[in-house]
Amino acid sequence: MTVTVRTAAVDEAPAIQALLHEHALASFGEPELSVDEVRSWFAQRNLEFRVAERDGELVGYLDIQLQESGRFPADVRTLDGEAGAALLDE
């Protein structure tokens, strides 16, 4: 099953939140974000979003902060090694 990376859409906020929730529970033992908080990120002009998908299911998340300095800090969240590699390649 191949992982596909694509641009995320605001209407996917609930699925993104569920993915981030699963990651936070596995990594930190507690949930992290609400759907409304994830949805609000899409209003920020300096962020770009990608998701990794396998068989119609989100398996990874990436946001890239576009800074005037030319730096592009990235946040990758996944519990899937193949999805993580695909998002980092992005």
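Counting aromatic ring pairs gives 3 of them here, in a model that is predicted. One of these pairs is Phe49 with Tyr61, whose ring centres lie 6.4 Å apart and whose planes make an angle of 35°, a tilted arrangement. Phe49 sits in strand S2 (residues 47–54) and Tyr61 in strand S3 (residues 57–65), so this pair ties together parts of the chain that are 12 residues apart in sequence. Are these two residues buried or exposed? Phe49 is buried, at 5% relative accessible area, and Tyr61 is buried too, at 1%; for both, the cut-off behind the word is under 20%.

The model has an open sheet of 4 strands, ordered S1-S2-S3-S4 and paired antiparallel. S1 and S4 are the edge strands, each pairing on one side only. On average, neighbouring strands of the sheet are turned by 20° against each other, with direction ignored.

S2 and S3 run antiparallel and are joined by 8 bridges. Phe49 has its bridge partner in S3, and that partner is Asp63. Which strands does helix H1 touch? H1 (residues 13–28) packs on the sheet through contacts with S2, S3 and S4, and the direction of H1 makes about 90° with that of S3. H3 packs on the sheet as well, touching S1, S2, S3 and S4, with its direction at about 145° to that of S2.

**Nonpolar cores**

Phe49 and Tyr61 come up again in the largest nonpolar core, which has 13 residues. The members that touch the most other members are Ile16, Leu20, Val38, Trp41, Phe49 and Tyr61. At least two residues of this core come from each of H1, helix H2 (35–41), S2 and S3. Which element gives the most to this core? That is H1, with 4 residues.

Leaving aside residues up to four places away in sequence, Ile16 touches Ala8, Val38, Phe42, Val51, Leu58 and Tyr61. There is also a second, separate core of 8 residues, among them Val59, Ala83, Ala86 and Leu87.

**Salt bridges**

How many salt bridges does a search of the whole structure find? The search finds 8 of them. The table gives some of these with their distances.

| Salt bridge | Closest N and O atoms |
|---|---|
| Arg6 with Glu53 | 3.2 Å apart |
| Asp80 with Arg54 | 2.5 Å apart |
| Glu82 with Arg54 | 2.9 Å apart |

Take the salt bridge of Arg6 with Glu53 to begin with. Arg6 lies in strand S1 (residues 4–7) and Glu53 in strand S2, so the pair ties together parts that are 47 residues apart in sequence. Arg6 is partly exposed, with a relative accessible area of 26%, and Glu53 is likewise partly exposed, at 21%. Both residues also belong to a salt-bridge network that links Arg6, Glu12 and Glu53.

Arg54 forms salt bridges too: one is with Asp80. Asp80 lies in the loop between strand S4 (74–78) and helix H3 (81–89), while Arg54 is in strand S2, so here parts that are 26 residues apart in sequence are tied together. Are the two partners buried or exposed? Asp80 counts as buried at 18% relative accessibility, and Arg54 is buried with a relative accessible area of 16%.

Another salt bridge of Arg54 is with Glu82. This pair links distant parts of the chain, with Glu82 in helix H3 and Arg54 in strand S2, 28 residues apart. Glu82 counts as partly exposed, because its relative accessibility is 42%.

**Putting it together**

S2 holds Phe49, which pairs with Tyr61 of S3.

Note on methods:
Residues numbered from 1 in each chain as written. Predicted model: local features only at pLDDT ≥ 70, side-chain atom pairs only at ≥ 80, totals over all residues. Heavy atoms only, no water. Phe/Tyr/Trp six-rings, centres within 6.5 Å; stacked < 30°, edge-to-face > 60°. Buried < 20%, exposed > 50% of the residue type's maximum accessible area, 1.4 Å probe, protein only. Salt bridge = Lys/Arg side-chain N within 4 Å of Asp/Glu carboxyl O. Pairing = 2+ DSSP bridges. Axes fitted to C-alpha atoms, helices over the stretch in contact; angles between N-to-C directions. Contact = heavy atoms within 4.5 Å. Core = buried A, V, L, I, M, F, W, Y, C linked by side-chain atoms within 4.5 Å.
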